[in-house]
Amino acid sequence: MRHKIALIPGDGIGKEVVPAAARVLDAVGKKFGFDFEWTAFDWSCETYARTGRMMPEDGLDQLRAFASIFLGAVGFPGVPDHVSLWGLLIPIRRGFHQYINLRPVRLLKGVKSPLAGRGPADIDMLIVRENNEGEYSEIGGRLYKGAPEEMAVQQAIFTRKGCDRVMRFAFEQALKRRQHVTSATKSNGIIHSMPYWDERFAAMAKAYPSVKTAQYHIDILTAHFVQHPDWFDVVVGSNLFGDILSDLGPAIAGSIGIAPGGNINPEKEYPSMFEPVHGSAPDIAGKNVANPIAQIWTGAMMLEHLGHPDAAKAVVAAIERVVEEARTVTRDLGGKASTTEAAEAVAALL
Ligand code: NAD
Ligand code: IPM
Ligand code: MN
């Protein structure tokens, strides 16, 4: 069996971790009897500098036929972030109805959490982030540019369809886990959208009587992540709140360098896109020191999506072993290994 995958390394460390992770996926494919046909796209800030576009006008049409998209990171100094991200990453998430951003957070054995006294049993959660609407909307604009009356308006969008589908997905995940869903809200300060979010959450909870629920305003929720990470199983949040929580989660789990993610179109009407939580890390780009594990683990999520749960488990098990042994890990995990060495250590176990 062959899977056609679009490869978009993107910018910065994306160019290093994507090829390293693709080699690991080739290795696991060999073991489990499938392979990949990779088609690379050089869409990036460099391409923007050359052509004035992050991707061609028909970019989404070019991606449409692939089984999945495997992406590194987008954004680099020199191109404003809103230009690069709204020219590539966000149009794909939106155009392909990847309305779930799935971001598991686990403290792996052998990794030291910055939280004193916490071990793997304390940090094991799944962040389910709304990925198509919410605070990330194109609706708005500027008035009186350059004048003292200058103003910017940014409209947040919360639809019943958008809230319900991400919440339903979160409850379904909880059924497969520890049967608990926490909702991130801010219905004390945000008067329209967040009370509506809470209302939809309460309605969805009724349909899942076996699942226990909690909800916290985002401010204290960030504190609870630090002080009580063991309270959380599945956490569902709007686009912005989910974004923030999914950097905080990996931070308490030791490193953003191991945090995987998937932009999922659950109906499989469009390709899903697998991309780690981290960005292009300009501060360490080009040095072969970035941790490739986030990208490799992201690859395991793609394997799961493509119908290879056993291969996915094998990749995660190999990651767990390499991290626990700590001989071939990158510097964010306290080691000295290069990107390529760390990825090879994972591949060698497959
Ligand atoms: P970042 O995730 O790129 O980096 C934050 C910090 O984490 C940096 O110190 C970096 O060195 C470190 N880090 C990140 N990944 C690492 C890895 N694999 N191994 C070791 N250390 C790692 O976030 P940022 O600095 O806010 O963003 C940089 C650029 O990336 C910006 O242009 C931003 O818009 C973009 N970005 C893109 C994505 C994406 O494409 N999905 C996600 C986040 C940020
Ligand atoms: C992420 C990133 C993106 C987001 C940015 C780069 C637009 O932070 O994937 O978490 O906010 O979705
Ligand atoms: Mn983010």
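View 1. Arg 93 sits in helix α5 (residues 89-95); helices (H or I, at least four residues) and strands (E, at least two) are DSSP runs, numbered from the N terminus. The model is a predicted one, in which local features need pLDDT of at least 70, side-chain atom pairs count only at pLDDT 80 or more, and totals for chains, interfaces and linings use all residues. Residues are numbered from 1 along each chain as its sequence is written, chains are lettered from A and ligands numbered from 1 in the order in which they are written, and side-chain values use heavy atoms, with hydrogens and water left out. With a relative accessible area of 6%, Arg 93 is buried. Buried means under 20% relative accessible area, exposed over 50%, and partly exposed in between (1.4 Å probe, protein chains only). Neighbours within four places in sequence aside, Arg 93 is in contact with Gln 98, Asn 101, Arg 103, Arg 129, Asn 131, Asn 132, Asn 263, Met 273 and Glu 275. Contact means heavy atoms within 4.5 Å.

**View 2. The residues around ligand 2.** Arg 93 is also one of the residues surrounding ligand 2, along with Leu 85, Arg 103, Arg 129, Tyr 136, Asp 243 and Glu 275; a residue counts here if one of its heavy atoms lies within 4 Å of the molecule. An N or O atom in the side chain of Arg 129 is 2.8 Å from an oxygen atom of ligand 2. For Asp 243, a polar side-chain atom lies 2.8 Å from an oxygen atom of the ligand. The side chain of Glu 275 has an N or O atom 3.5 Å from an oxygen atom of ligand 2. Ligand 2 taken alone exposes 320 Å², of which the protein buries 76%. Accessible areas come from the Shrake-Rupley method with a 1.4 Å probe; for residues, only the protein chains shown count as cover.

**View 3. The residues around ligand 1.** Ligand 1 is surrounded by 22 residues, the closest being Asp 81, Glu 275, Gly 279, Ala 281 and Asp 283. A polar side-chain atom of Asp 283 lies 2.8 Å from an oxygen atom of ligand 1. His 278 places a polar side-chain atom 3.5 Å from a nitrogen atom of the ligand. At Asn 291 a backbone N or O atom lies 2.9 Å from a nitrogen atom of ligand 1. Of the 800 Å² of accessible area that ligand 1 has on its own, the protein covers 71%.

**View 4. Thr 330 in its loop.** Thr 330 lies in the loop between α11 and α12 (339-348). Its relative accessibility is 0%, so Thr 330 counts as buried. Beyond four places in sequence, Thr 330 touches Val 289, Ala 290, Asn 291, Pro 292, Gly 335, Ala 337, Ser 338, Thr 339 and Ala 342. The side chains of Thr 330 and Asp 332 make a polar contact (2.5 Å). A polar contact is a pair of N or O atoms within 3.5 Å; within protein, one must be able to donate a hydrogen and the other to accept it, and residues adjacent in sequence count only if both atoms are side-chain atoms.

**View 5. The nonpolar cores and Ile 319.** The largest nonpolar core has 78 residues, and those with the most contacts inside it are Phe 70, Val 128, Val 181, Val 236, Leu 303 and Ile 319. Such a core is a set of buried Ala, Val, Leu, Ile, Met, Phe, Trp, Tyr and Cys residues joined through side-chain atoms within 4.5 Å. Helix α11 (residues 309-325) gives the largest share of this core, nine residues. At least three residues come from each of domain 1 (1-98 + 258-350) and domain 2 (113-253). Ile 319 touches Leu 108, Ile 293, Ile 296, Trp 297 and Val 346, residues up to four places away in sequence not being counted. Another core, of 21 residues, lies apart from it and has among its members Phe 41, Cys 45, Leu 89 and Ile 90.

**View 6. The two domains.** The domain assignment gives domain 1 (1-98 + 258-350) and domain 2 (113-253), with bounds from an automatic or database domain assignment. Their centres, taken over C-alpha atoms, are separated by 24 Å. Across the boundary, 11 residues of domain 1 are in contact with 13 residues of domain 2.
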